[in-house]
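Trainee: Could you take a close look at the aromatic side chains in this model and describe how they are arranged?

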Amino acid sequence: MKKLKILAATILFLFSTTSAFALGNPENWTFYIDTDFAYYPESKEMVNKNKTHFTPLTGIYSGVEARVTGNAEYKIPTPLGDHWLLNGANVVLGSALEISPVSIKPEARIKFSPVPFLVFSAGAQAGTGWNLLGIQGMSVYKNSSPENYTDSTPFASWFLKWWAQGTFQFDTGAVIPGDWTHVVMLYSYQVYYEKITSAENQQTWNWQCTGDRVNGLKFYQNAIIAYEMPLVLHRAGLMAEADGYYKSSDYRNSKFKGDFITYSINPLFQFKLSEHTTLTTLLTFSTRRSYESLMDNDVPYAEYGNYTSREWYFKRIVLSWNYTF
């Protein structure tokens, strides 16, 4: 009953937020589509390493990932005064629908920008997934099952996420006019809680083919510095990320190091192909746990892995295509 109440409240929030801006000035609407594709080369883990290390590529292919997300936003001007810092204050109500081959996930969100360089936002997501040709979109680990990860029932089990975020952003072009004076800087900190309704606390689950996850409170940090140019190559820079659980005790395996922080460094290139179209390319170097030994098949490290050190590896190549109507 508690799970149903949580799900009902989330769905009500999604629809009520969307309907709240169903009417309004058409000029304040923005519609856009994001299409993301990621290619993962093979990089097998090294074992019995007791210090931070880098593991090289061991194969040309490990997997691919793809999704399409439709977005709609409505801006509500909320002037806080005549000062140039405040007269552009606004609230943006948004909704999104993400579709991948193994999942579907709607989202509702709200953003508030009191001044041009600060953005506060919050949102909620409710998604479900299925098995497609052996690819598990949503599953839970049950050690009594020979398949290890057991598929959750689509539209009866749900992935839920609530988040709140603060973002600082600055463009040097705002104080030094010119086509070649734009250095863009951004830093975001997000607190979020995610769960699958078919999983108990400390029970390992898989969402969109990413396992070793549990119900719990997490954080995500994102920092970007990029140079902006009046060329087809519109921006070039570097993005750094950090993500992890606040509490190690969210996992029942104390040797897994549940509060491990995953760091990523991403060279970033954004191409402005037209007034409405951009293409962003990321090369991701990331960290992961290194273990005493490797698990077989789909047995999750979260249940039986013994952490030894941090391992850097080349994770993926990402292409993100954006079209704004």
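Mentor: What follows covers ring pairs, charges over rings and a surface patch.

This is a predicted model, in which local features need pLDDT of at least 70 and side-chain atom pairs count only at pLDDT 80 or more, while totals for chains, interfaces and linings use all residues. Residues are numbered from 1 along each chain as its sequence is written, and side-chain values use heavy atoms, with hydrogens and water left out.

A pair of aromatic rings is described by the distance of the centres and the angle of the planes. Here, rings of Phe, Tyr and Trp (its six-membered ring) pair if their centres lie within 6.5 Å; planes under 30 degrees apart count as stacked, over 60 as edge-to-face, and the rest as tilted. By this rule there are 21 aromatic pairs. One of them joins Trp 162 and Tyr 193, a tilted pair with 6.0 Å centre to centre and 35° between the planes. Trp 162 lies in strand β11 (residues 159-171) and Tyr 193 in strand β12 (residues 182-196), so this pair ties together parts that are 31 residues apart in sequence. Strands (E, at least two residues) are DSSP runs, numbered from the N terminus. Trp 162 is partly exposed at 29% relative accessible area, and Tyr 193 is partly exposed at 27%. The cut-offs are under 20% for buried and over 50% for exposed, with partly exposed in between (1.4 Å probe, protein chains only).

Tyr 251 and Phe 256 form another tilted pair, with 4.9 Å centre to centre and 50° between the planes. Tyr 251 is buried at 5% relative accessible area, and Phe 256 is buried at 0%.

Next come the charges. One sits over a ring if NZ of Lys or CZ of Arg is within 6 Å of the ring centre and within 35 degrees of the ring normal. The charged end of Lys 161 sits over the ring of Tyr 192, 4.4 Å from its centre. For Arg 288 over the ring of Tyr 313, the distance to the centre is 3.8 Å.

Finally, Phe 117, Phe 168, Phe 170, Val 175, Ile 176 and Tyr 187 form a nonpolar surface patch with about 520 Å² of accessible area together (Shrake-Rupley method, 1.4 Å probe; for residues, only the protein chains shown count as cover). Patch residues have over 30% relative accessible area and no salt bridge, and nonpolar side chains (Val, Leu, Ile, Met, Phe, Trp, Tyr) are joined within 5 Å, like charges within 9 Å. A salt bridge is a side-chain nitrogen of Lys or Arg within 4 Å of a carboxyl oxygen of Asp or Glu. Phe 117 is in the loop between β5 (103-115) and β6 (118-129).

Key
Helices (H or I, at least four residues) and strands (E, at least two) are DSSP runs, numbered from the N terminus.
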